[in-house]
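Reader: Could you take me closely through one part of this model, beginning with a single residue and its helix, and then relate that part to the rest of the chain?

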Amino acid sequence: MFLEAVYHRPQQNWCYAYNGTTIHLRIRTKRNDVTSISAMTGDKYAWDRTMEYLPMTLLTTDEMFDYWECEVTPPYRRLKYGFLLQKDEEKCWMTEYTYLNEAPDNPDRLFEYPFINPVDVFKTPEWVKNAVFYQIFPERFANGDPSINPTGTLPWGETPLRDNFFGGDLQGVIDHIDHLSNLGINALYFTPLFTATTNHKYDTEDYLQIDPQFGDVDLLKKLVALCHERGIRVLMDAVFNHSGRTFAPFVDVQKNGESSRYKDWFHISKFPIHVENGIPSYDTFAFEPLMPKLNTENPEVKAYLLHVAEYWIKEVGIDGWRLDVANEVDHQFWREFRQVVKAANPDAYILGEIWHESSSWLQGDQFDAVMNYPFTHATLDFFVDGSTDAEGFSHAIGKQLARYARQANEVAFNLLDSHDTPRLITLCKEDKRKMKLAVSFLFTFIGTPCIYYGDEIGLTGDQDPACRKCMEWDPEKQDQDLFSFYQELIKIRLKYSAFRTGTFTFLSSESRSTTLAYAREDEQGKFIILMNNHDEQQSIEIPLAENRLEEIRSGETYMIKNGSLNVTLPSYGCLIFRVVR
């Protein structure tokens with residue numbers, strides 16, 4: 001055995017409480033090296049009576065490593081454990097201190113999970129596991145009240161620019177709520193609604209006011225109530241990393257300079273504040289002078305922003321927050337933010353915008369989830385760009401699954417495009433077959449899928465600002481076939497719990513191949529998904545122990561012969577089978 005590759009630590013994603021009674025253990029080994037692993041588990045105060053070996057299963061694999069997992073239910077909420085690694089006839093016991101050629105005499109030097117304290121368990125909102133999100137960029141969704149249009153509003157549907165306005169508002173969302181209900185989504189994510197000068201509103205002027213261009217707090221209450229009546233949750237976007245240049249405290253700093261009582265609300269290196277060679281004399285988002293970075297360690301700033309976080313949950317009844325540029329705000333602020341938000345609504349969803357590995361924020365004391373851009377990149381690489389094969393795709397996805405605790409993966413915010421990226425159909429060069437295949441993976445994968453407004457009717461658009469064009473409301477110009485496709489996938493996901501919270505296992509993902517097979521399974525059912533990511537038909541064969549499958553969209557029955565399923569898939573085809581038991 002190649003012991004140099006073996007890794008475990010008794011914390012984070014390697015050893016964690018999944019709930020109040022269950023602990024998950026994981027261990028990493030060199031790929032294709034170890035043939036089996038068992039966890040040696042028991043209670044440290046009753047070792048002889050409680051010790052048992054629990055077989056571990058292969059959770060996932062990447063380019064270099066295998067990741068193994070098992071579930072333990074300790075009888076007294078305490079756990080001592082080690083690992084028995086086996087390669088053919090060779091055996092090795094791993095303790096916290098060393099490797100042994102025979103089982104340890106006692107548990108003293110094994111790993112330990114001291115006690116499952118309920119307050120320490122990472123709890124995520126149950127409803128998010130069952131959510132299908134729809135992202136709305138308010139300025140471009142629908143203009144429902146022209147009387148509040150900002151000055152210079154252009155006719156709906158003209159070319160979007162970084163600084164133009166089309167009058168989208170909250171009334172427009174209310175007017176088209178039937179479209180959302182008919183689609184089948186059950187959660188909305190709004191980009192910022194607060195008063196600001198830009199069309200995107202990420203330069204907040206007043207965190208306690210709805211931008212008059214969109215409506216007012218009463219109209220938002222009406223919209224939220226209407227959504228809740230239809231079983232739709234509402235997520236708002238908060239920008240706590242930075243404010244806008246017109247934010248009153250920063251206006252005071254611009255006016256009074258070093259004598260401003262708000263100077264410590266920001267990170268200012270030199271007065272009077274200015275921009276030199278494109279670099280502001282104060283910290284900002286990127287180097288954007290319009291977006292001064294807030295000092296979230298300042299007690300006044302912290303108190304103000306935490307009041308904002310609580311206010312909109314209590315006053316309007318929103319169901320959570322999406323947090324912009326979340327990784328540039330200090331961890332302590334987010335810990336206190338979670339305390340305030342969860343006290344106001346224990347079921348609130350806290351979603352951070354982080355584009356990279358995010359373990360530090362997903363330990364149960366800060367966020368429930370992050371925007372899963374590593375998933376986005378992996379999915380686009382395989383299904384859209386063709387820059388990786390099925391094996392490379394499975395490795396990228398496997399690595400992502402191994403990074404986080406299961407409860408974090410179950411509520412990960414999975415997306416294929418957004419207001420910050422080109423639209424999916426544009427990336428696919430308007431090949432709907434490729435788009436549909438990528439979306440099929442999105443909706444059959446673990447985590448919470450999100451649809452960017454307009455994707456469901458074929459709205460195109462390259463990088464910002466083109467990806468922020470006006471929603472198309474003329475039925476003759478909407479792709480009704482695509483809308484029906486999204487409807488069907490949403491219904492499938494919501495009907496079968498295995499797609500939401502079941503296990504995920506790759507069954508076939510070979511090197512230099514463009515065919516893919518994977519399974520989703522829970523106590524209610526098992527599903528086999530086959531995909532052909534190629535412009536020609538291809539056959540795929542996988543070993544299966546089951547005898548009979550039903551394709552859930554066509555209703556066609558497939559019988560398994562000689563322990564193997566052999567199917568020919570059309571170009572960019574996808575079959576979703578339910579195992580008939």
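Author: Val-384 lies in helix 9, where helices (H or I, at least four residues) and strands (E, at least two) are DSSP runs, numbered from the N terminus. This is a predicted model, in which local features need pLDDT of at least 70 and side-chain atom pairs count only at pLDDT 80 or more, while totals for chains, interfaces and linings use all residues. Residues are numbered from 1 along each chain as its sequence is written, and side-chain values use heavy atoms, with hydrogens and water left out.

At 5% relative accessibility, Val-384 counts as buried, a term that means under 20% relative accessible area, with exposed meaning over 50% and partly exposed in between (1.4 Å probe, protein chains only). Leaving out residues up to four places away in sequence, Val-384 touches Thr-379, Leu-424, Leu-427, Cys-428 and Lys-434, contact being defined as heavy atoms within 4.5 Å. Between Val-384 and Gly-172, which are 212 residues apart in sequence, the C-alpha to C-alpha separation is 33 Å.

Helix 9 (residues 373–385) packs with helix 10 (residues 390–403) at an angle of about 170°, and their axes are 9 Å apart; axes here are lines fitted to C-alpha atoms, for helices over the stretch in contact, and angles run from 0 to 180 degrees between N-to-C directions. Helix 9 is therefore roughly antiparallel to helix 10, given that angles under 35 degrees count as roughly parallel, over 145 as roughly antiparallel, 65 to 115 as roughly perpendicular and the rest as oblique. From helix 9 the contact is made by Pro-374, Phe-375, Ala-378, Thr-379, Phe-382 and Phe-383, and from helix 10 by Ala-390, Phe-393, Ala-396, Ile-397, Gln-400 and Arg-403.

Turning to helix 6 (residues 248–256), its buried residues are Pro-249, Phe-250 and Val-253. Seen down the axis of helix 6, these buried residues fall within an arc of 95°, so they line one face of the helix; the arc is that of the directions from the helix axis to the C-beta atoms. Ala-248 and Lys-255, on the other side of helix 6, are exposed, and helix 6 is followed by Gly-257, whose phi is positive, near 60°.

The largest nonpolar core has 118 residues, and those with the most contacts inside it are Tyr-134, Phe-240, Trp-321 and Phe-337; such a core is a set of buried Ala, Val, Leu, Ile, Met, Phe, Trp, Tyr and Cys residues joined through side-chain atoms within 4.5 Å. Helix 7 (residues 299–316) gives the largest share of this core, nine residues. Apart from this core lies another, of 25 residues, including Cys-15, Ala-39, Leu-54 and Met-94.

Lys-302 is also found in helix 7, and at 15% relative accessibility Lys-302 counts as buried. Beyond residues up to four places away in sequence, Lys-302 touches Thr-296, Gln-332, Phe-333 and Glu-336.
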